[in-house]
Amino acid sequence: MKKMTCLLAVLTLLAGLALPGCSRGEENIKTIVTVVPAPEQTRAERPPCFPDPADDYIPLPETENLAEGKPAETGAHTDVYVGKNINDGKTDTYWESKGFPAEVTFDLQGTYTVSTVAVCLNPSSIWEPRIQEIAVAVSTDGENFTEAAPAEKYQFDSATGNRIRIDFAPAEAAYVRVIFTMNSSSRTGGAQAAEIGIYE
Ligand SMILES: [Ca+2]
């Protein structure tokens, strides 16, 4: 009988611990809520010892990116790094050509006076610094192209956002062709671009 009493006592104790809402558990729980008002801010705040890396990024024009969502024609690509990655708005997707020279031709679907082309890689420091040689040509009919910016070597570095901008004399363009002739990265035999932007 004594054993039975002890067993019932144990079962009662276990049931009290296991059942949700059991008053035995709630008595020992104190909830402390501290409301902290969010400060007025428009960007992430960092202490001085953690400078925002974006502050050192090469600035891009704040005007409309004319390449966004427009048809882009590229040559052969490497592996899964297809041409549509070049203006999908994401820097974590990229196009990689199969060899050189490598060209990307954008149809702006309208005539604009363009003066800047930006080429971006993934800003992650996993991408080691590299140099790519790039030229820009423009056309109003998609057939006859004239040079807007001659081939030059551009330094890509995650410290400056892994992006470069090519500024040139304003030129009428319905089509913009970006021509890559060299990439110093030993990991690829072709050109690489995560995003290309075109601006007036
Ligand atoms: Ca992309």
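Predicted model: local features only at pLDDT ≥ 70, side-chain atom pairs only at ≥ 80, totals over all residues.
In which sense do strand β3 and strand β6 pair, and over how many bridges?

**Figure 1. Strand β6 and its partners, β3 and β4.** Strand β3, covering residues 102-120, pairs with strand β6, residues 163-183, in the antiparallel sense, and 14 bridges link them. To find your place in this pairing, look for alanine 102, which stands opposite phenylalanine 180 of β6. Strand β6 also pairs with β4, residues 130-139, again in the antiparallel sense but over eight bridges. Here a handy landmark is valine 138, which sits opposite valine 176 in β6.

**Figure 2. Strand β8 beside strand β3.** Strand β3 pairs with β8 too, in the antiparallel sense and over five bridges. Alanine 118 is the residue to look for, as it stands opposite glycine 197 in β8. Strand β8 is mostly covered, with four of its five residues buried.

**Figure 3. The largest nonpolar core.** This core holds 35 residues, and those touching the most other members are Val117, Val119, Val176, Val178, Ala193 and Ile196. Two or more residues each come from β3, β4, β5, β6 and β8 (195-199). Strand β3 gives the largest share, eight residues. For a closer look, pick alanine 193: setting aside residues up to four places away in sequence, alanine 193 touches Ile86, Tyr94, Trp95, Val119 and Leu121.

**Figure 4. Phenylalanine 106, a buried residue of strand β3.** Phenylalanine 106 lies in strand β3. Is phenylalanine 106 buried or exposed? Phenylalanine 106 counts as buried because 24 C-beta neighbours lie inside 10 Å, and the cut-off for buried is 20 or more. Beyond its neighbours within four places in sequence, phenylalanine 106 is in contact with Ala67, Lys70, Ala72, Tyr175, Val176 and Ile198.

**Figure 5. Leucine 60, in a loop.** Leucine 60 belongs to the loop between α2 (23-26) and β1 (72-74). How many other C-beta atoms lie within 10 Å of leucine 60? There are 16, so leucine 60 is partly exposed. With neighbours up to four places away in sequence left out, the contacts of leucine 60 are Ala118, Arg165 and Gly197. Threonine 116 is 56 residues away from leucine 60 along the chain, yet their C-alpha atoms are separated by 9.0 Å.

Figure 6. Phenylalanine 100 and proline 101 are joined by a cis peptide bond, with omega about -10°. Proline 101 is in the loop between β2 (95-96) and β3. Next come two residues with positive phi that are not glycine. Glutamine 109, in strand β3, has phi near 55°. Asparagine 162, from the loop between β5 (146-156) and β6, has a phi of about 55°. What sets their burial class? Glutamine 109 counts as exposed because it has 12 C-beta neighbours inside 10 Å, whereas asparagine 162 counts as buried because it has 24.

**Figure 7. The whole chain, for orientation.** The chain has two helices and eight strands, and from the N terminus on its elements run α-α-β-β-β-β-β-β-β-β. Of its 200 residues, 26% are buried. Among contacts with a separation of 6 or more, 72% are between residues 24 or more positions apart. Do bring the confidence values along when you look at the ends of the model: the average pLDDT is 87, and 86% of the residues score at least 70. Residues 4-23 have pLDDT below 50, and beyond near neighbours in sequence this stretch has five contacts in the model.

Terms used: Residues numbered from 1 in each chain as written. Pairing = 2+ DSSP bridges. Contact = placed C-beta atoms within 7 Å. Core = buried A, V, L, I, M, F, W, Y, C linked by C-beta atoms within 7 Å. pLDDT = per-residue confidence, 0-100.
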